[in-house]
Structure formats: C-alpha cells, structure tokens
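Please open the structure in your viewer and keep the selection tool at hand. The tour moves from one selection to the next and says what is there.

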Amino acid sequence: MSRVDVVRAAARGSRTAQQYDPLGAMGSRPLAVVLGAGGVLWALLVSLLDRDVPGSPTLSALTVLVLAASGAVVVTASSPFRAPFPRWAYVVHVALLAVATVSSVAAQWGPDRNALNDFMCLLTATGIVVVAPYRPWRDLAVGGLVLAAVDAAAWGVSASVFPHQVPVAVAAFLAAAPTLVLTAAAVVFAWTFGGLAERVQIRAGSYSVARAERDGIAASVQQDRSVILARDVAPFFAELRTREVITDADRARARAIADGIRRAMVADADRTWFEYAVVVDGGPAEAVDDPDGLIATLDADQRTVVRTFLRAALGAATVDPARFRATVRRADEPGAPAGRVAVRMELAVDDSDVGIHRTFDPYFAVLRVTFHDLDVAVRPSSLALRFSYDQH
C-alpha cells in the first residue's frame, strides 16, 4: 500500500458522516431525539408497570435518570451549532449507558424470568445507532463492544446467581447480541459512507474548486476588459479615423486610456477569488478588506463552503449585497498559532432573527463542521460571522 493510500485510509477512518455531509447529519438528528426520548419513556413505563421482581425503586429511578442524561448528551452534542460531535461526548454517552445497564440489572436483582422487560440490552444497541452519523467507525466499534461486554457480564452474573433453563453462556450472549448486531450495522454504515464520500471527492478533484474559480476569474477579467474596449478604446479609434491630423490632445487621451487599462490589469492581478465572487454576486468591489490576499490560502473544501454560503447569502431576497463587508487578517489573539487567519463577514438582512435562522441555519451547520470556532451573531436586520483557519 502506498503512502497516499495509507493517508486516505487514515482520513476515512477518522472522518464522520457529519463531516462529509453536515446537512444529512442535521436531517438525521430528529431520529436521535425520538429514539432518546422513546428509550427513556420505555424504561420509565417498564420500571413502573412491568417488573416481575420487586427490586429497588431507587435503582430503577437511577436507571431512568442516567438514560435521560445519556440522551441529553447526544441531543446536545449532535446540534449542528456544536459540530462536530466531540469524542468526549461519545465517551460520556457510552459510559452512561454502561452505568444504566448495571443499575437496571441491580434494580431487578432476583429471578427475573421475563426477558421482554429487560430493556437495557436493546437501548445499548440503539444508543450506538443514534451516534453512527457523528463518530468514525472505529469509535463505534469500540463503544459497541464495550457495551456488549457490559450487557453480557451483567446478565451473565444474574443468570449464574439465579439459574434458569437457559445456560449462563447463552443468557450472556442473548443479552449482548442486539448490541453486537446493531453495532456491526453502524460500523458498516460509517465505513461505507466514508468510502463513498472519499471517492466522490477524488472525482471532484479532477475539476477542482481552484480551477473553477480561475475559470470564473478569467471570464470576469475578459468581460471587464471588453467593457473598457467598448467604452473607451473603440470610440477613440472611431474619432481618429475621421481626423486628418492627430493632435497632442489625442496623444494625451491615448496615454490616459492606456494608463486606465494598465491599472485595471494590475487590479485584476491583485484581486483574489473571494473579491471576484463578491463582485459576481452583486457586492461592491471594495467590500473585501484583505490587503495581504490571505483568503487565497483556504483549501479546496473550505473554499467550497465559503463560496456556497456567499452565493446563497448575497442571492437571498432579504440581503442587501451592497452592504456586505468582509475582513481578513492574521489572527492576533493571545495564544493563536502562527499562520492562523481570522475572517469576519457582515451582512445587512431585512428579516427578524428567527427568519435569519430559518434561512441560513443549513449553511451555518456546514460552516460549523468546516470551521470549528465559527461564531454566529444574529440580530434583527444583521448577521455577522467570524471564523479562523490555518493557512494551507
């Protein structure tokens, strides 16, 4: 395997479906909310109404509370405005499910013969499924195996102390089986999704964002120069054709036109893809304050995300493109690493804060995954975004 293949395999193993497809993960979040709330409700009803062993009400209540805490962690961490889903939240989620499993078995300690009310072996399984879009396949595999081992140990110990017709090994396996099966499904999903997304990115690389932007810039430059030729050069030549003598005033005018073309060419050479994008989408040429051209150091993925947001924002009916402003500077915060670039964008939006969120929340979700320190300030009639990145 070549070094490139190793790097690609490592990247595929560390990236998540949320990072490849932020909007898809955002759309699947309601499923996590429903499954989390449904699990807590099921545990509560079973603990109150469907136990064949009196057990400990205190431990039953603890089980429900720990389950609720686990669901709260997933719902909070899966928010697109806190993306990406952090590893520590996943570890806490798995740990809480393991605690709930042990406390559930302890709460009903005794000869419990009704497998239908042993809800935790199923809730540990769904607990891995709900986080499948947010964590890489290796994390899912490790978490699922840990929970399956806890399930097997808890119910195996119970079966050994209170033997029944089912052998202890079989009881332990049956307790772990749902988690093992759904963990395998989650791992396959995460691995397959990563592989497909990687292949799509490789194909897209044959016509990269940088090349597309260069093509767009070239077309814009050609259009600008055509305007100069049609507005200044062609009328001047038409006048010269009607004159018998070229005067000093004509020579001065020719020099002025040449100087104007030279200045336009220098400005075109110094202008970044971001400035062209702003102008193409209706913003003013002076809207971008980037004296060092730092925005050009964005990588292809980051540029795609910024360009998509810019096009959507300046094209929105409620946004005034003429009042768009962007500032790009080297990050000067204390402790900021060398080569860090800070970007701030401000837009005037003729809408309420609720309306702004309704329009731009999907784009915020994508930006949050791409730029982890994204800060969004939404106020009535205005929107400001701030993020930073390392130069590439």
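This is a predicted model: local features need pLDDT of at least 70, side-chain atom pairs count only at pLDDT 80 or more; totals for chains, interfaces and linings use all residues.

Residues are numbered from 1 along each chain as its sequence is written, and side-chain values use heavy atoms, with hydrogens and water left out.

Begin by selecting helix 4, residues 57-77; helices (H or I, at least four residues) and strands (E, at least two) are DSSP runs, numbered from the N terminus. Among the buried residues of helix 4 are S60, V64, L67 and V74, where buried means under 20% relative accessible area, exposed over 50% and partly exposed in between (1.4 Å probe, protein chains only).

Next, select F274, F309, F324, L347, F360 and L383, which touch the most other members of the largest nonpolar core, a set of 36 residues. Such a core consists of buried Ala, Val, Leu, Ile, Met, Phe, Trp, Tyr and Cys residues joined through side-chain atoms within 4.5 Å. Helix 12 gives the most to this core, with six residues. Apart from it lies another core, of 35 residues, including A43, F85, A132 and A175.

Now move to helix 11, where six of the eight residues are buried, among them W273, F274 and Y276. Just after helix 11, look for G282, which takes a positive phi of about 105°.

Which residue does D289 pair with in a salt bridge? Select R329 as well: the closest N and O atoms of the two are 2.7 Å apart, a salt bridge being a side-chain nitrogen of Lys or Arg within 4 Å of a carboxyl oxygen of Asp or Glu. D289 lies in strand 1 and R329 in strand 2, so the pair ties together parts that are 40 residues apart in sequence. Then turn to D139 and R135, whose side chains meet in a salt bridge at 2.6 Å, N to O; D139 is buried, with a relative accessible area of 11%, and R135 is buried too, at 9%.

Finish with L174, a residue of helix 8.

Key:
The expected span of a helix is 1.5 Å times one less than its number of residues.
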